[in-house]
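Hello,

Here is the structure for you to look over.

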Amino acid sequence: MVAMSGSNERLDVLIAGAGIAGLALAAALARALKPNFAIAVCDPALAEEPARDERVSAIAPGARQLLEALGVWQQIEDNAQPLRAMEITDSHLEDAVRPAFLHFDTEPEANEPLAHIVEHRALLIALRETAARAGIRFIASQAESFAPRDEALGVRLAGGSSCEARLLVAADGAKSKLRAAAGIRSVSWGYGQSGIVATIGHERDHEGRAEQHFLPAGTFAILPLVGKRSSIVWTERSGEAERLVALPPAEFKEELIRRFGLKLGEIELLSPPRAYPLSLAIARRFVAERFALLGDAAHVVHPLAGQGLNLGFRDVASLAECVVDAARLGLDPGSPGALERYERWRRFDTAMMAGATDGLNRLFSNHSGALRVVRDVGLGVVERMPGLKRYFSREAAGLTGEVPRLLRGEAL
């Protein structure tokens with residue numbers, strides 16, 4: 001794979017950011033519109049192989065169907081762990097027993113996993129390879145600023161090179177410089193929490209079962225990986241999280257066992273733990289003139305529901321469909337009509353997910369005995385209503401409302 005420097009060429013779409021969302025959009029557009037559609041991805045990270053990353057995501061059925069439609073899923077399927085069941089508890093750390101108040105299981109008639117647990121780095125490598133095979137132009141440079149030109153945006157890249165694009169997509173992450181350059185403000189706040197991530201080995205098979213323990217400091221999630229391995233996503237107050245990851249391995253393991261337990265036998269750390277600050281951020285607008293936000297540049301939500309990456313894939317499917325439909329009608333891919341359709345499609349869904357994750361975090365991450373009674377009653381009610389559980393499963397799968405074609409597994 002060769003990373004190329006920028007030039008004064010004219011592009012149909014320039015995607016700033018070679019993360020998962022940016023590369024997925026590039027692959028989707030290329031599959032539908034190549035060879036008569038010029039697409040490039042710019043990111044200084046393209047000059048190197050993806051760095052080690054212990055983070056994982058639960059790929060919902062809709063997102064999996066998108067990856068299948070792009071030819072990406074076939075590359076990672078052998079290392080994607082089907083999630084067959086999940087149990088949710090509400091407890092204190094010192095509780096001797098943590099009864100499960102809510103279970104989600106694979107529906108026997110569908111034989112469809114609830115999700116697949118996939119390691120970020122493996123997914124990123126597969127997407128980069130897919131985009132390269134599709135003829136996407138890679139520019140190993142950062143988009144720094146842009147300005148309107150005749151029926152395009154002039155984009156200045158680091159190092160002094162530039163290009164023109166009829167549509168510029170900012171997929172440059174939660175601290176998006178391009179979002180700021182577009183004058184788009186965000187509603188945001190920090191949680192004072194950090195998520196500790198690490199890969200754990202254990203003696204016994206997890207059988208595709210995940211656990212999510214709601215503890216007063218935050219959630220402790222155990223996500224199954226291929227083999228006798230699991231990933232943990234352990235939420236703590238930020239100061240405590242920094243203290244924990246700085247502990248010697250033996251002491252960190254003792255703290256881990258208090259939360260992980262020994263139901264899977266002896267455990268061992270397979271990676272150094274890392275802590276990531278947690279926050280919520282929603283852009284006030286998702287589009288501007290010939291400009292669209294994608295993925296974390298548009299929204300960041302709490303990870304307790306495992307929906308951050310899936311929201312990004314919904315962005316990809318929606319924006320790709322809007323651009324492809326416009327292009328096939330002979331319209332400009334950066335036209336106001338195409339971008340307004342994308343914003344209408346994504347704003348409500350994003351706001352609902354942000355509100356849900358924020359509310360759950362506030363409801364569960366506290367020491368209130370009265371709130372604990374209320375939420376445990378609520379979990380018990382959901383557990384006894386199969387129809388409601390099925391609705392929550394379909395919502396998490398991304399299969400409710402107006403579903404883009406790629407999330408249904410259909411080609412654009």
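Among contacts (heavy atoms within 4.5 Å) in the protein chain between residues at least 6 apart in sequence, 75% join residues at least 24 apart. This is a predicted model, where local features need pLDDT of at least 70, side-chain atom pairs count only at pLDDT 80 or more, and totals for chains, interfaces and linings use all residues. Residues are numbered from 1 along each chain as its sequence is written, and side-chain values use heavy atoms, with hydrogens and water left out.

The chain has eleven helices and 20 strands. These are DSSP runs, numbered from the N terminus: helices are H or I, at least four residues, and strands are E, at least two. Of its 412 residues, 54% are buried, meaning under 20% relative accessible area with a 1.4 Å probe, protein chains only.

Helix α2 (residues 61-69) packs with helix α8 (residues 308-328) at an angle of about 50°, and their axes are 9 Å apart. Axes are lines fitted to C-alpha atoms, for helices over the stretch in contact, and angles run from 0 to 180 degrees between N-to-C directions. On the α2 side, Ala-63, Leu-66 and Leu-67 make the contact. On the α8 side, Asn-310, Phe-313, Val-316 and Ala-317 do.

Last, one cysteine. Cys-163 sits in strand β11 (residues 162-170). Cys-163 is buried, at a relative accessible area of 1%. From Cys-163 to Ala-152 is eleven residues in sequence and 9.9 Å in space, C-alpha to C-alpha.

Best wishes

Note on methods:
Buried means under 20% relative accessible area, exposed over 50%, partly exposed in between (1.4 Å probe, protein chains only).
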